[in-house]
Amino acid sequence: MKKSSKRLTVVLGTVLGSSLILAACGGNGDTAKTSGSSKSNSEGKSLSFRLADAHPDNYPTVLGDKKFAELVNKKSNGRIKIDVFANGQLGDEKSVIEQVQLGAVEFTRVSTGPMAEFSKPLGVFSLPYIFDDSEHEWRFLNSDKGQELLKGLESSKMVGLAYYDSGARSFYSTKPIKKVEDLKGQKIRVQQNQINIDLMNALGANATPMAYGEVFSSLQTGVIDAAENNTPSYVSANHYQVAKNLIEDGHQRVPEVVVASKAIWDKLSAKDKKIIQEAAKESVDTERKEWDKMEKDSEAKIKDSGVTIVKVKDVEPWQKKVKPVIDKYRADYGDVLDAIDKARK
Ligand code: GTR
């Protein structure tokens, strides 16, 4: 076998590892012990999978992942096991998505932010101020159009199983920010996609796309001035300890997704697909409850820790500044934006 690069070898090794798990389970029919007429590879066999998440153990998404794994295990009578690798142990979100496309990692929970570079329709969630609040967002996510976006992941070698909550994102900086004009000239870290770069340009700021795990040290060493995220991430990643000026403008609501690798999915029996799909949907409730709890806890922690908090009462000047971004992308996302408008009460 040609070894063109170390990384390729590692990835291929893992892909083979995954196929071996299915093969060892009788995937190719060679060692199958169960009888029956199913043509699928996974029917009745023990399966072991990995799920990657960038967040730490007690974070709402990871608690959702764990509920998902627990439900899959229960519904399959212990036959299907999913191990959750939190804390970005399997790589940053961009590289995990690539591994999922290859089948080297079977499942992941990621933000639709970085996912937008792999499945363009999901970029709509990076457009600013398109949802009024959480209820509006969830009405859309649960609508036909919202579910269609999840399904659309199949053309990018992934299977979208469920959305998880991720609240609203706001800016925070090592420098004071009292109004939108104060963002001008600041170096702001963004999630890795083109819409975010356009968004920062519209605000007169300098976009610095980088992986989530690098943000804390980049704020600390002054590589960037600012970043933006929801309050649970601001707190759990300790950004609040170094960027002590928070301005709550809620410019984006970027939901999370739980996805499976299509390469692995296609080898599963219809019954196993159903188990996994149902478990993912049922885990949403746990994640959302944990989300609400952590959002409250994070707000309290921020207040207690000497962060200067500015609440934006009127987002109109912010919306005006970023209008060129909506104008630029309206043609690409017109039908989705219409469906989002319709999901308004
Ligand atoms: C968080 C999200 C992470 C990651 C992070 C980021 O809100 O849950 O998965 O995408 O944002 O800004 O990179």
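## Chatting around leucine 161

Reader: Hi! Which residues does leucine 161 touch, not counting those up to four places away in sequence?
Author: Hello! Leucine 161 touches Phe68, Phe107, Leu150, Val258, Val259, Ala260, Trp265, Ile276, Gln277, Ala280 and Lys281. Bear in mind that this is a predicted model.

Reader: Good to know. And which residues of the largest nonpolar core touch the most other members?
Author: Leu161 turns up again there, together with Phe68, Val124, Leu127 and Phe140. That core counts 76 residues.

Reader: Which helix gives the most to this core?
Author: Helix 12, spanning residues 316-342, with 10 residues.

Reader: Where does the core lie relative to domain 1 and domain 2?
Author: Between them, because both domains give residues to the core. Domain 1 is made of 3-30 + 44-166 + 255-294, and domain 2 of 169-254 + 298-342. Another core, of 13 residues, lies apart from this one, and its members include Tyr172, Val215, Val235 and Ala243.

Reader: How many bridges does strand 4 make with strand 10, and in which sense do they pair?
Author: There are 6 bridges, and the pairing is antiparallel. Within strand 10 (residues 256-261), valine 257 is the bridge partner of tyrosine 163, and glutamate 256 is that of tyrosine 164.

Reader: How many bridges join strand 3 to strand 10?
Author: 5 bridges, with the two strands running antiparallel. Phenylalanine 107 has alanine 260 of strand 10 as its bridge partner.

Reader: How many residues of strand 10 are buried?
Author: 6 of the 6, so strand 10 is largely enclosed by the rest of the structure. Both of its faces are covered: Glu256, Val258 and Ala260 are buried on one side, and Val257, Val259 and Ser261 on the other.

Reader: New topic: serine 134. Which helix is it found in?
Author: Serine 134 is in helix 5, residues 134-141.

Reader: Which residues is serine 134 in contact with, leaving aside neighbours within four places in sequence?
Author: Asp165, Arg253 and Arg288. With a relative accessible area of 18%, serine 134 is buried, because the cut-off for that is under 20%.

Reader: Nice. What is the mean pLDDT of the chain?
Author: The mean is 91, and 88% of the residues reach 70 or more. Residues 1-39 are below 50, and this stretch has 38 contacts in the model beyond near neighbours in sequence. Where pLDDT is low, the predicted coordinates should not be read in detail.

Reader: Last one: how many helices and strands are there in the chain?
Author: The chain has 12 helices and 11 strands. Of its 345 residues, 51% are buried.

Conventions:
Residues are numbered from 1 along each chain as its sequence is written. This is a predicted model: local features need pLDDT of at least 70, side-chain atom pairs count only at pLDDT 80 or more; totals for chains, interfaces and linings use all residues. Side-chain values use heavy atoms; hydrogens and water are left out. Two strands pair if DSSP finds at least two bridges between them. Helices (H or I, at least four residues) and strands (E, at least two) are DSSP runs, numbered from the N terminus. pLDDT is the predictor's confidence in each residue, from 0 to 100. Contact means heavy atoms within 4.5 Å. A nonpolar core is a set of buried Ala, Val, Leu, Ile, Met, Phe, Trp, Tyr and Cys residues joined through side-chain atoms within 4.5 Å. Buried means under 20% relative accessible area, exposed over 50%, partly exposed in between (1.4 Å probe, protein chains only). Domain bounds come from an automatic or database domain assignment.
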